[in-house]
Amino acid sequence: MSSEGKAAVRMLAVVLLLTVVLTSQNFPILNRIPASNVAGVSALHSSLSVRGGGGPQSPEDAGYAHASCNATQIFFVSNMTRSGRFQAIFEARNVHTRAASFDSSITPATNGATNAVIENITDVGAGPEGVAFDSQNGYIYVANWASDNVSVIDGATNTVIDTITVGNAPGGVAFDSQNGYIYVANIGSSTVSVINGATNAVIENITDVGAGPEGVAFDSQNGYIYVANYDNNTVSVINGATNAVIENITVGNAPVGIAFGSQNRYIYVTNMASDTVSVINGATNAVIENITDVGAGPKGVAFDSQNGYIYVANYDNNTVSVINGATNAVIENITVGNGPWGVAFDSQNGYIYVTNWWSDTVSVISPGYKAVQRVYGVVFQESGLPSGATWSVTLNGTTRYSSSSTITFQEPNGKYVFSVGPVSGYSASPLSGTITVNGANVTQQVTFTQIVPATYTVTFTESGLPPGSNWSVTLTGRTEWSTSPQVTFSVPAGTYPYSVVFPAGYTSANLTGTISVTHSVGLLLIATPTSASSPTSASSPTSASSSSSESSSTSPSASHAFSPLTSSLFVGVIIIVVVVGVIVVLVRRRGK
């Protein structure tokens, strides 16, 4: 619905409610409902019935503010009632709570020990919605959407001391503790009014926020104000130092409530129409997650600074979702009254207060809930490793080892990051990820695959040996023989020693050494003859020595060998010498 339409509906509601006020008697203001246990885990401490029927007319009709006035803790809750009074509920042990209800009055403050109403403040404006406490001046600021103003209550006396005109249909209110300003979201005029707490005067109207601004929250770490814009699904970010809009962040549909988590610096935005909670990182102003498993119609939201949990009121299914701020996972859904709308945390007693629109009650959730959490098995099941192999998993910061096929953790509801430890020679899938535990045991399969290392070709090439010579190379403990110029190996990356054997009579400068393999490589071996040696063809590996010996004993060396021509000449000379000798002998005989 557009902001103009909602404003018209609200004005009609004002007329109807005023008619009821004039024609009906007052209803009981407060009754205590006995405590009950919720879901066996979360204790619903009590339900408080408050004045009126019907309920809020806009998402900010159940706002809260916690205050300290004269050493007394004041807790303000705004919700509309038939009598239209601003009710102050919960005051005990110096812990006070106030509730704003729909009419021009404030209901009694209530005792936190007895939840009894102690006072009514009757002169606030019409249709009080959002409430904020100014810790610097001790004042409480109440946005009155039906009268377009803000009532200022002195917390010391619980009296209205000022009324400040703002924009149309003011709803959400937040106090900036750094600059002392109060920021009021005006739903009808799509503006944010800035009130100086020192003067209670409007010093600026910020006009460039989104349409239909409702929820407002202050981030005390970066000094920014975050405004949820119901009509255009954005959150406007205002720099408190300049009061300028510095960014508009897209979130879910119809954002209503907004709260700042001081422990993780996240801003939580309830998206009423999409049934989600958007999580904004205050350091980057980016949406880092959308929580989808909250209840239906999330509206009010509050942060518990004691346990780091975020509580979300789900209007459409009468529950409060509890989000673990460490994991941003829903860890519990607590049943409360009908139509839960606003939520607030009391840091003094640790209670969570929830306004229930249709049942005219306030549910009180006990902090005892935190002590009991059911845990579930988170089982990692591996496949692919050899029997007895050790592997490990880290879940939520805890590492466990196993030599069996399973590793088991016990965890409560939540979202957890896991990683699988390395196993030599194997790869894991998935190696890491996120596991969500939501009321049941969870099993995660992990598949290990043996890693086959890449191999590269190593080529040894000889040059200078006679053709057909038999030679060998030894690499990685394996010997390869060849009568061709090349010997090849296929090996993984690494550095390896090698040795080369040439046939007798030949050598090389790099017959031994190491070779580094990071890719396919080659090595050239240049053969040179040894001195006083002749080349012989090497035999097989088993007979190389004997063959070499036989060659040296049966064959003349190369330096004493004769060519065929030389031999013939030699024989001819011998024949001639013999013939001459014979002739000489014959001649001498004849002479005698």
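Predicted model: local features only at pLDDT ≥ 70, side-chain atom pairs only at ≥ 80, totals over all residues.
Asn 285 sits in the loop that links β25 (276–281) to β26 (286–291). Its backbone also stands out: phi of Asn 285 is positive, about 55°, even though the residue is not a glycine.

For context, most residues other than glycine have a negative phi, and most peptide bonds are trans. The peptide bond rule has its exception here too: going from Ser 429 to Pro 430, the bond is cis, with omega near 0°. Pro 430 is placed in the loop between β39 (426–429) and β40 (432–437).

Next comes strand β28, which covers residues 309–314. Six of its six residues are buried, so the strand is largely enclosed by the rest of the structure. The cover is on both faces: Tyr 309, Tyr 311 and Ala 313 are buried on one side, and Ile 310, Val 312 and Asn 314 are buried on the other.

What does β28 pair with? One partner is strand β27 (residues 298–304), which runs antiparallel to β28 over five bridges. Within this pairing, Val 312 of β28 has Val 301 opposite. The two strands make a hairpin with four residues between them, and in the turn Gly 308 has a positive phi of about 75°. Another partner is strand β29 (residues 319–324), joined to β28 by six bridges, also in the antiparallel sense. Here Asn 314 is bridged to Thr 319 in β29. β28 and β29 form a hairpin too, with four residues between the strands, and Asn 318 in that turn shows a positive phi of about 60°.

Finally, there is the surface to look at. A nonpolar patch of about 890 Å² is built from Phe 570, Val 571, Ile 574, Ile 575, Val 578, Val 579, Val 582, Ile 583, Leu 586 and Val 587. One of these residues, Val 578, is found in helix α3, which spans residues 564–591.

Conventions. Residues numbered from 1 in each chain as written. Heavy atoms only, no water. Patch = residues over 30% accessible without salt bridge, like charges linked within 9 Å, V, L, I, M, F, W, Y side chains within 5 Å. Areas by Shrake-Rupley, 256 points an atom, 1.4 Å probe, with all protein chains shown as cover. Salt bridge = Lys/Arg side-chain N within 4 Å of Asp/Glu carboxyl O. Buried < 20%, exposed > 50% of the residue type's maximum accessible area, 1.4 Å probe, protein only. Pairing = 2+ DSSP bridges.
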